[in-house]
Amino acid sequence: MDFVTQLALDRIGFALAAIATLFFFLLTLATKSKNLPRSLLLTWAFISTLWASFYLLTDTAPYEHYLSVILELSRNFILVLFLLASLAQTELQFKHFWQKRHVQVFSLTMIAWAILCSWQLVSAYIIFTGSLVLCVIQLALLETIYRRANSNKWQYKPLVLGFTICVLFDFILFAESALFAQVNHQLWSARGFVYAAMVPLLIISVRRIQAWGINVYISRDIVLQSSLVFAAGIYLILIAVAGFYIRYIGGQWSHLIQATFLVLGFAMLAVLLLSGAVRRQLKVYIEKHFFANKFDYRQKWLMLTRHLRLIDLSQPEQYHTILQAWLETIGYSRGCIIRYTQGTNFITLACHDRPALNPTEVQLVTAYNAQFSDKYWLVDLNDKTDSFVANISNIKKIDAQIMVPIHSEGELWGLCLLNAPDIDQLSLNWELRDFLMLVSEQVGSYLLLMQASETLSENAQFAAFSRMSAFVVHDLKNVKAQLDLMLKNSIKHRDNPEFIDDSFDTLAAMQLRLGNMLQQLSSKRPQATEGTTFSVKDVINQVVKERCATKLPLPSFTATVDAKLSLDKERFASVIYHLIDNAQHATDEQGDIKVSLAVEQNKAIISITDTGSGMSDEFIRLRLFKPFDSTKGNSGMGVGAYDAQQFAAQHQGELQVSSTVAIGTTFTLILPLH
């Protein structure tokens, strides 16, 4: 305990600095790059390790011993050469670099200065002042490097920042030393800590700077162990300092309090170092924030998006396309997608490069649903520490390594089983879990879209069939109106041969119309009818006298001129009938309905005016042309006005409406004569 509390903080700082610079030296030495900046940086790291070790093992202030002079000046000399080489071309050889005039002058000056300082030919004030000059030169070179970096400032920023902090610290230390002709021991104790703390910035920078080609690689496990050791060292320092001050202010109970505090402190440190949960969390934190990702997520996301865009919702291979996208995103070769149905039942939607599920795999999928139906848990079947995996029997019969759940609307929708050859299998760490979760969420959204598309397609088919049925029922009302009229007239004209002939013609026309309607219902689509040229005046007159004569008020028809149209005669007659029928429903029996035909600017203009209840502007805007919205109750289908508007639009015409509540309504059908 006394050793811990009495250990000099400056020795601890230089010990950390020695370890850090030696670690940096070994990392740089392991690289295959061969260029001048790398050689000078390697030399600086080696001399810095010797420099920190010297102050760790001796109780010597800077420049008091000839070895101290040599190490201090050597570090500064190599650092200046390294900064000068960083400003030169990367491929510059050492012999060409040495031939530069400013390098030769600086080197000779440093040699002469080292001789003067080593032989104590100058005072301490002059020595510290000379160190300040070196600090100024180094700061100027660092500023020049950062300014010339331009677009590469991101690469050089950690290096410039790390060296600048160290040089500024030395400047403050030697400035005070030059002022008082002696070293400030508190600043001197912190020097080792400062240099040790700046080494990570140097590692980051040399890894970033592509021009030097120094590919520094640090194992994640090594960083974890080093971080634990470094954290333990800092923790011990804090315990030592706290224990010292407890003893200093504790009075007669100081030894008891100090001993209790130190024992508890070491116990807590042991728990933290031996805790697997703490080590795992620290490892994940280091991997997330200090290492490049295993995947290029931008590239992987673009790959996944391109594959998902290939999905054709109308084809049965859509699930196979999703599975292929999933496999190629993580570089696996085989897998399958299953979907849970009712209870623990499931169906296989797609398989790639593997057979159907065997009984062992069926039990696995069923067990997953039973245990994780309300959780999002990825299973790595290679992870023997997973309790779910540990309970699986005959695991060698399972052709899968990773089980990824697929959730839709907060429920377990299905599973994706992924596998690859042993050499290509990935370890299911936090990064792969996050990535697969992201892919699963994206695929889940597509699956939800596919389900919605299927439902919408089915609803659209039912809606189309219902709509067609409504028009068929609407046409049946026309047939019924003709039958009603024929039966009404048969009372008076049943013995008239002309009436009998006309009745048979009407029945033939109705039989043809019923045949067309049945064909539409069978094919589930409207039957296209070829257009014929007919007299508009004759068709309207026939509709008014035959189809609309069974209901009051009876419409009157006037035509100043006839017109010829080439389109579906039966549908035109049906549209006119429905517009008149709507007018009859809206008008009292004592009211008037007038139908007129005119021709203007090569257009047939048919107007139907009634004196009925009328319609408000809001009703016309929101409800009049809305299909299946009827004001006739159960007797109406709500498609008359809608069909008339669609008919006009299909033939490059228009249907105009003007109406006043309690006064009446006018429908104007305008059709071009072509």
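Modeller: The questions below go from overall confidence to individual residues.

Colleague: What average pLDDT does the protein chain have?

Modeller: This is a predicted model, and confidence is therefore given per residue on a scale from 0 to 100. In the protein chain, 74% of the residues score at least 70. The average pLDDT of the chain is 77.

Colleague: Of the contacts with a separation of 6 or more, what share joins residues 24 or more positions apart?

Modeller: The protein chain has 22 helices and 12 strands. Of its 674 residues, 43% are buried. The share of those contacts made by residues 24 or more positions apart is 68%.

Colleague: Which residues form a nonpolar patch on the surface with about 640 Å² of accessible area together?

Modeller: One of the members, L116, lies in helix α6 (residues 101–118). L116 has a relative accessible area of 33% and is partly exposed, so it passes the 30% cut-off for a patch. The patch is made of L108, I111, I115, L116, W119 and L121.

Colleague: What distance does helix α8 reach from its first C-alpha to its last?

Modeller: Helix α8 covers residues 153–180, which is 28 residues. At 1.5 Å a residue, 40 Å is expected. Just after α8, A181 takes a positive phi of about 60°. The helix itself reaches 39 Å, close to the expected value.

Colleague: Is D170 buried or exposed?

Modeller: D170 is found in helix α8. Leaving aside residues up to four places away in sequence, D170 touches C135, R191 and Y195. Its relative accessibility is 4%, and the cut-off for burial is 20%, so D170 counts as buried.

Colleague: How far apart in space are R306 and A325, C-alpha to C-alpha?

Modeller: R306 belongs to helix α13 (residues 297–309), and at 51% relative accessibility it counts as exposed. R306 and A325 are 19 residues apart in sequence. Their C-alpha atoms are separated by 8.6 Å.

Colleague: What value does omega take at the peptide bond between L552 and P553?

Modeller: Most residues other than glycine have a negative phi, and most peptide bonds are trans. P553 is located in the loop between α19 (536–547) and β7 (556–559). The bond joining L552 and P553 is cis, with omega about -5°.

Colleague: What is phi of D353, and what is phi of N394?

Modeller: D353 is placed in the loop between β2 (346–352) and α15 (359–372), and at 59% relative accessibility it counts as exposed. N394 is in the loop between α16 (387–390) and β4 (402–408), and with a relative accessible area of 48% it is partly exposed. Phi is positive in both residues: near 60° for D353 and near 55° for N394.

Methods:
Residues numbered from 1 in each chain as written. Predicted model: local features only at pLDDT ≥ 70, side-chain atom pairs only at ≥ 80, totals over all residues. Heavy atoms only, no water. Patch = residues over 30% accessible without salt bridge, like charges linked within 9 Å, V, L, I, M, F, W, Y side chains within 5 Å. Areas by Shrake-Rupley, 256 points an atom, 1.4 Å probe, with all protein chains shown as cover. Salt bridge = Lys/Arg side-chain N within 4 Å of Asp/Glu carboxyl O. Helix = DSSP H or I, 4+ residues; strand = E, 2+ residues; numbered from the N terminus. Buried < 20%, exposed > 50% of the residue type's maximum accessible area, 1.4 Å probe, protein only. Expected span 1.5 Å × (residues − 1). Contact = heavy atoms within 4.5 Å. pLDDT = per-residue confidence, 0-100.
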